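Please consult the sequence and the model shown here.

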Amino acid sequence: MTAKILDGKMVSARIKNELAEEVKQLKEKGVQPGLAVIIVGNDPASRVYVNNKKKACAEVGIYSEEYALPEETTQQELLDLVEKLNKDNRISGILVQLPLPKHIEEKTVLYAIDPKKDVDAFHPVNVGRIMIGDFDFVPCTPAGVMELIKESGIEVSGKNCVVIGRSNIVGKPQAMLLLHQNGTVTVCHSKTQNLSEITKKADILVAAVGKAKMVTADMVKPGAVVIDVGMNRDENGKLCGDVKFDEASEIAGAITPVPGGVGPMTIAMLMRNTVKAALIS
Ligand code: NDP
């Protein structure tokens, strides 16, 4: 193996330690960051994510409340809860775990969150602010990716950056963050032609597709930084990324593992946004 492993577990632990210190100091000044996490229904993956977020809050010293609502919760009941939390002084950040049950329109719920408490940065006000480069909150996964790129020691400025995926949650904000750091950014998606021709030119390649091991070694430029956002199950049910790690790590200069790469960083960035929310509310 030639690539440097970008260890998300280690970097996220470091960031959480720094945040814990900051929270300690904030508490001495009477500021207590608080996160409300809402989960609707019984999706097992969502349950794991929510548990991890609560655990991280405890590590950092953030006060947290969980609202575990039954599957049959109505949209109005959920909106009423969001409204109550918008007004609650103990709560600086509100997170609604996605996906929501089909009878609830995600957009309506996400738009109801006070933008100052929108620690996922999904509200259009925050999305727009990211676009113009004047933002308080960065969506957690793209922010975590930027931290891992920093860890690689590679400067983004002037580099060819390729993002595979254009979702509102990962791909699009990722492209914006790379652009803000003066990367030359190409965004690929399911209609992109000659994908490997494009990825092979990437100094920094971010895969956020959701297709197990689709990025193969022949799609990677020698020495590139490869960040794998994907969280998939392989043919044996084992967690894996979008990148064929074994072969890509022979070519790349730095690469993230799955698990232990972007996943833990996402949670650390949520903690960072929650601390920030306590300062701006
Ligand atoms: P989406 O399904 O919303 O988006 C996937 C994107 O990939 C789309 O833009 C789609 O294109 C594109 N795509 C699909 N097939 C291809 C292909 N063959 N070639 C090129 N592009 C393709 O997923 P998300 O962005 O929400 O998530 C992506 C992955 O990241 C998932 O595995 C998810 O589980 C993981 N994830 C991990 C997180 C973490 O913390 N580690 C957090 C969030 C997500 P089009 O727009 O044309 O359909």
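The text below treats the salt bridges and then the ligand site.

This is a predicted model, in which local features need pLDDT of at least 70 and side-chain atom pairs count only at pLDDT 80 or more, while totals for chains, interfaces and linings use all residues. Residues are numbered from 1 along each chain as its sequence is written, and side-chain values use heavy atoms, with hydrogens and water left out.

**Salt bridges**

Side chains of opposite charge can pair when their charged atoms come close. The structure holds 16 salt bridges, a salt bridge being a side-chain nitrogen of Lys or Arg within 4 Å of a carboxyl oxygen of Asp or Glu.

| Pair | Closest N to O distance |
|---|---|
| K16 and E59 | 2.9 Å |
| E65 and R90 | 3.6 Å |

The salt bridge between K16 and E59 joins distant parts of the chain: K16 lies in helix α1 (residues 8-28) and E59 in helix α2 (residues 44-60), 43 residues apart. Helices (H or I, at least four residues) and strands (E, at least two) are DSSP runs, numbered from the N terminus. K16 is buried at 16% relative accessibility, whereas E59 is partly exposed at 41%; buried means under 20% relative accessible area, exposed over 50%, and partly exposed in between (1.4 Å probe, protein chains only). K16 and E59 also belong to a network of salt bridges with K55.

E66 is in strand β3 (residues 63-69) and K54 in helix α2, so the pair ties together parts that are 12 residues apart in sequence. E66 is partly exposed at 27% relative accessibility, and K54 is partly exposed at 29%.

E65 pairs with R90. E65 lies in strand β3 and R90 in the loop between α3 (75-87) and β4 (93-96), so this pair connects parts 25 residues apart in sequence. E65 is buried, with a relative accessible area of 11%, while R90 is partly exposed at 49%.

**Ligand site**

Of the 21 residues around the ligand, R166, S167, S190, M231 and T266 come nearest; a residue counts as near if one of its heavy atoms lies within 4 Å. Helix α10 (residues 262-280) contributes the largest share of this shell, 3 residues.

An oxygen atom of the ligand is 2.6 Å from an N or O atom in the side chain of S167. A nitrogen atom of the ligand lies 3.4 Å from a polar backbone atom of H189.

Definitions and conventions: A polar contact is a pair of N or O atoms within 3.5 Å; within protein, one must be able to donate a hydrogen and the other to accept it, and residues adjacent in sequence count only if both atoms are side-chain atoms.
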